[in-house]
Amino acid sequence: MKTEIAAFKDRVEATVVRHGLLQADEKVMVALSGGADSVALLRVLVEMGFTCVAVHCNFKLRGSESDRDEDFVRRLCRKLSVRVHVRSFDTAGYASAHGISIEMAARDLRYRYFEEVRLLENARVVAVAHHRDDNVETLLLNLVRGTGLKGLCGMRYRRDAIVRPLLDVSREDILAYLAALGQDYVTDRTNLENDVKRNKVRLDVLPQLALLNPSVADTLQAEINRFADAYSLYGWAVEHFKRQVCHDHVIDLEMLAKTPAPDALLYEILSGYGFTSAQTDDIVSMGNGISGKVFDSGCWRLLRDRQKLVLQPAGALPECLCSVLPLEGAVRVTPDDMLLVNRYRRDEGFEIPRTKDVACFDLSKLTFPLTIRRVWTGDRFIPFGMKGSRLVSDYLTDRKKNVFEKERQLVVCSDENIAWVVGERTDDRFRVDAETERVMVIRHVKAV
């Protein structure tokens with residue numbers, strides 16, 4: 001019996017040291033459900049000399065069983081002289097109020113409470129009792145769901161403040177350890193039911209795989225560790241190539257095509273913006289398709305613009321900060337744009353500016369006040385030097401402006417008429433001619 005106890009402790013200690021999960025003489029918060037796994041975790045960490053504080057969640061989902069578990073946890077902690085924090089939750093009510101499953105509700109409540117107690121106790125980490133068999137089940141579930149290379153890495157030994165010291169021991173090892181200690185535990189009857197995906201893997205799939213390979217769990221755990229190492233290298237490569245193809249939320253498709261695995265790289269980039277694998281597949285399937293299609297991840301919008309993918313935050317564009325321009329002076333019209341307004345008497349020394357960011361008007365032809373706004377659907381103007389009117393949208397298309405740029409386009413209006421498509425072209429009706437005596441000049445500059 002002592003040999004089994006020592007062997008279990010040695011395996012857990014090796015995992016803790018190899019992965020740097022815990023520091024000597026530190027306080028460790030232990031998530032304690034009362035089941036075999038968490039009881040073994042608490043017992044072995046106490047045996048290893050760590051100062052442990054337990055935390056227990058009563059989710060009030062199994063009637064008297066939930067209260068039985070809480071009572072067991074309290075008694076065990078008294079026996080081991082371990083301080084314990086306990087909280088009861090209306091899990092079903094929380095799930096209903098937030099429109100999520102009971103499982104997700106329990107997870108949210110559990111980890112939120114863990115973090116609350118961790119900070120209260122000034123503990124560096126929270127130890128949870130996931131073991132090798134849990135990890136193997138996670139791998140198989142992720143394979144079925146199709147979670148990509150990351151999903152093949154299973155559970156990590158450490159994620160933020162959560163550590164998993166038991167990931168290298170099996171459920172069988174845990175039960176043998178508890179038996180050697182003479183330590184009892186509680187059993188959650190729902191773990192024995194065959195109507196949950198994870199339980200189906202545990203009770204049905206793994207036994208069948210064991211017929212092909214009796215050491216299937218050890219084999220898959222070894223593969224998980226290899227996948228995790230490979231994923232680290234993959235992550236380095238993704239970051240390396242991402243810096244080459246993506247700048248300021250713009251993806252260069254020509255550069256992307258030159259990378260070793262463009263589709264995989266695009267998926268990794270876009271997943272960071274909240275796009276799903278299905279959406280990425282749709283984007284890839286466009287190939288060299290027509291520009292202008294927009295995809296929405298909820299938080300970001302993506303536009304195919306010729307040989308670029310352009311991303312911008314989702315949501316309506318903010319309104320202009322002002323709607324009326326001053327007769328003279330500087331005004332910020334958006335967080336990024338300013339207009340400088342000046343009036344001049346035309347004389348022999350006056351020269352008409354020739355840059356697109358400066359507009360020059362015959363003051364007598366304007367109707368005041370001048371207004372500023374975003375372009376609207378159906379807006380028309382007479383481009384300088386032309387006779388007939390054009391849709392502003394058509395003009396911008398000719399200027400190779402994409403959908404996002406069109407949405408952001410500003411126009412200065414004189415009464416109902418557009419006098420200037422800002423940063424592009426003025427309207428011919430307000431041009432300076434031989435009869436002009438007074439001139440209004442508006443300069444567009446980027447706000448600092």
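Predicted model: local features only at pLDDT ≥ 70, side-chain atom pairs only at ≥ 80, totals over all residues.

Visitor: How many residues does H2 have, and what distance does H2 reach from its first C-alpha to its last?

Guide: The span of a helix may be set against the value expected at 1.5 Å a residue. H2, residues 36–47, has 12 residues and reaches 16 Å, close to the 16 Å expected.

Visitor: Is H2 mostly covered or mostly uncovered?

Guide: Mostly covered: 10 of its 12 residues are buried. Among them are Asp37 and Arg43, together with Val39, Leu41 and Leu42.

Visitor: Why does Arg301 count as buried?

Guide: Burial is judged by relative accessibility, with a cut-off of under 20%. Arg301 has 16% relative accessibility and therefore counts as buried. This residue belongs to strand S10, residues 300–305.

Visitor: With which side chain does the side chain of Arg301 make a polar contact?

Guide: The partner is the side chain of Glu407, at 3.0 Å. Leaving aside residues up to four places away in sequence, Arg301 also touches others, including Phe275, Phe295, Pro313 and Phe404.

Visitor: What volume does the second largest pocket have, and which residues lie nearest its centre?

Guide: A pocket is read through its volume and its lining. Here the volume is about 550 Å³. Of the 19 lining residues, Asp337, Glu405, Arg408, His444 and Lys446 lie nearest the centre. By class, the lining comprises 10 charged, 5 nonpolar and 4 polar residues. Helix H15 (403–408) and strand S21 (438–446) each contribute at least two residues to this lining.

Methods
Residues numbered from 1 in each chain as written. Heavy atoms only, no water. 1 Å grid on protein atoms, 1.4 Å probe; cavity = no way out; pocket = protein on both sides within 12 Å on 5 of 7 lines; lining within 4 Å. Points joined across faces, edges and corners; volume = space filled by probe spheres on them. Helix = DSSP H or I, 4+ residues; strand = E, 2+ residues; numbered from the N terminus. Nonpolar A, V, L, I, M, F, W, Y, C, P; charged D, E, K, R; others polar. Buried < 20%, exposed > 50% of the residue type's maximum accessible area, 1.4 Å probe, protein only. Polar contact = N/O pair within 3.5 Å; in protein donor to acceptor, adjacent residues only side chain to side chain. Contact = heavy atoms within 4.5 Å. Expected span 1.5 Å × (residues − 1).
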